[in-house]
Amino acid sequence: MEKRYDLRSDTCTLPTEEMRMAIYKAEVGDQGYGEDIATNRLEEYCAKLFGKEAAVFMPSGTMSDQVALRCWTNSGDEVIIDESYHINYFQGAQSIDIGKVILNTCKTEDGIIRVSDIKERLNSRMHNGTFTQTKLLSLENTINSHGGRIFPIDVLKEDYEFCKKNGIKVHLDGERIMNACVATGLKPSDYAQYTDTITMSFSKGLGGPFGSIIMGDKETMLLARKFRRWYGGHMHQCGFMAAAAYYAVTHNVDRLQEDHDNAKILATSIQNENSDIKVNNPETNIVMIDISNLNYKAQDFVSDCKKENVLLFAYGEYIVRAITSLNVNKEDKLYCADIINRNLKKIKNIIK
Ligand SMILES: *Cc1c(COP(=O)(O)O)cnc(C)c1O
């Protein structure tokens, strides 16, 4: 097979030999009886890393989020969220069908929900008496649809303190929280202290094949275990997956800096050669290329680049997304920038 340069997502990474060895050697048992040693080790490690009482290994980020919604709300309760966040943008159907919540969406410029935004949402409809009650604020870090933007910790702290005073819990959808940690130098527990539940993915930048984890207080994590089972996520010898996840979180965090450096160079190269389009200045590993000025559909651009083995993702009608990960090294990224720049020039009829 010809070499492919996969920038569609950091979920497209494949396990390395070392990770496969960790899977091979995993100490497993039936987790239905709490006997899966590799899973217990992973949950204990992550709870400690995030400074939370307990953690529950989940099959996917979506299940982590949907279980979190269910833990903090009852049917018909309201969750304040930004319209751009994964729980609304990609999981809107799940949130109403499984979570049974009303999403009251902020429409922020930058994906960063501030206290003023929360107040605005609280005033947007009746919440007193027999009306819907706001039970949860759901945040995201890093923010996928805003080019991997980091949610600032001081804003998180203010939001958390406001919510605490007003009886609202805070969930942080932190599938890419390690990207934020590596970029800022903050620890996972620094962010986690201003949340009631927080999640992390193993199958994004960390390069694992499977899974996510949710952390919180003991009582809520018991509930999370219950809802995981209700939703069909009860697993038996899941230590094979947990061993890969443990390998990912103990080996692949620091190297995320390389992905961030690659994203920056890719974005800069595209922006420098194409002053007529908008490219974000990536804080982490996500490049968003806005080609709306060229009046050319993102999906068509994705198809053009695919012919030259550079795989991208159409994020909306005119936005092309490129995510750097273990899939692209330093030379690959230069090749990708070259293919993207050449195809942009073709659209603009600068070259045929
Ligand atoms: C990827 C992602 C999810 C969903 O994770 P899956 O494992 O694909 O279900 C949720 N939230 C955010 C912010 C994500 O980036």
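Let's start at one spot: M1, E2, R4, D6, C12, T13, L14, T16, L326 and N327 line the second largest pocket. Keep in mind that this is a predicted model, where local features need pLDDT of at least 70, side-chain atom pairs count only at pLDDT 80 or more, and totals for chains, interfaces and linings use all residues. Residues are numbered from 1 along each chain as its sequence is written, and side-chain values use heavy atoms, with hydrogens and water left out.

**Pockets**

- A pocket here is an open set of points on a 1 Å grid over the protein atoms alone, with protein on both sides within 12 Å along at least five of seven lines; lining residues have an atom within 4 Å of a point.
- The second largest pocket has a volume of about 270 Å³, where a volume is the space filled by probe spheres set on the points, and grid points are joined across faces, edges and corners.
- Its lining splits into 4 nonpolar, 3 polar and 3 charged residues. For these classes, Ala, Val, Leu, Ile, Met, Phe, Trp, Tyr, Cys and Pro count as nonpolar, Asp, Glu, Lys and Arg as charged, and the others, Gly among them, as polar.
- The largest pocket comes in at about 490 Å³.
- Of the 20 residues that line the largest pocket, E109, S145, H146, G147 and I319 lie nearest its centre.
- In the largest pocket, the lining holds 7 nonpolar, 7 polar and 6 charged residues.
- Both β9 and β10 supply at least two residues of that lining, and β10 gives the largest share, with 3 residues. Names like these come from DSSP runs, numbered from the N terminus: helices are H or I with at least four residues, strands are E with at least two.

**The sheet with β9 and β10**

- These two strands belong to an open sheet of 4 strands, in the order β9-β10-β13-β12, with antiparallel pairing. β9 (278–279) and β12 (313–314) are the edge strands, each with a single partner, so one side of each has no neighbour in the sheet.
- Strands count as paired if DSSP finds at least two bridges between them; β9 and β10 (residues 286–290) pair in the antiparallel sense over 2 bridges.
- Across that pairing, V279 stands opposite I289 in β10.

**Around the ligand**

- S60, G61, T62, D65, H86, Q91, E140, N144, D173, E175, R176 and K204 surround the ligand, each with a heavy atom within 4 Å of it.
- Helix α3 (residues 61–72) gives the most to this shell, with 3 residues.
- The shell has no nonpolar residues at all, but 6 polar and 6 charged ones.
- A polar contact is a pair of N or O atoms within 3.5 Å; within protein, one must be able to donate a hydrogen and the other to accept it, and residues adjacent in sequence count only if both atoms are side-chain atoms.
- A side-chain N or O atom of D173 sits 2.7 Å from a nitrogen atom of the ligand.

**The cavity**

- A cavity, unlike a pocket, is a set of grid points where a 1.4 Å probe fits but cannot get out.
- The structure holds 1 cavity of 30 Å³ or more, and the largest cavity has a volume of about 40 Å³.
- Its lining is made up of E175, R176, M178, N179, M200, S201, K204, G205, L206 and L256, with α8 (177–184) and β7 (197–201) as the elements that give two or more residues.

- Most residues other than glycine have a negative phi, and most peptide bonds are trans.
- N141 and T142 are joined by a cis peptide bond, with omega about 0°; T142 is in the loop between β5 (134–140) and α7 (153–165).
- N295, which is not a glycine, has a positive phi near 55°, and N295 is in the loop between β10 and α13 (298–306).
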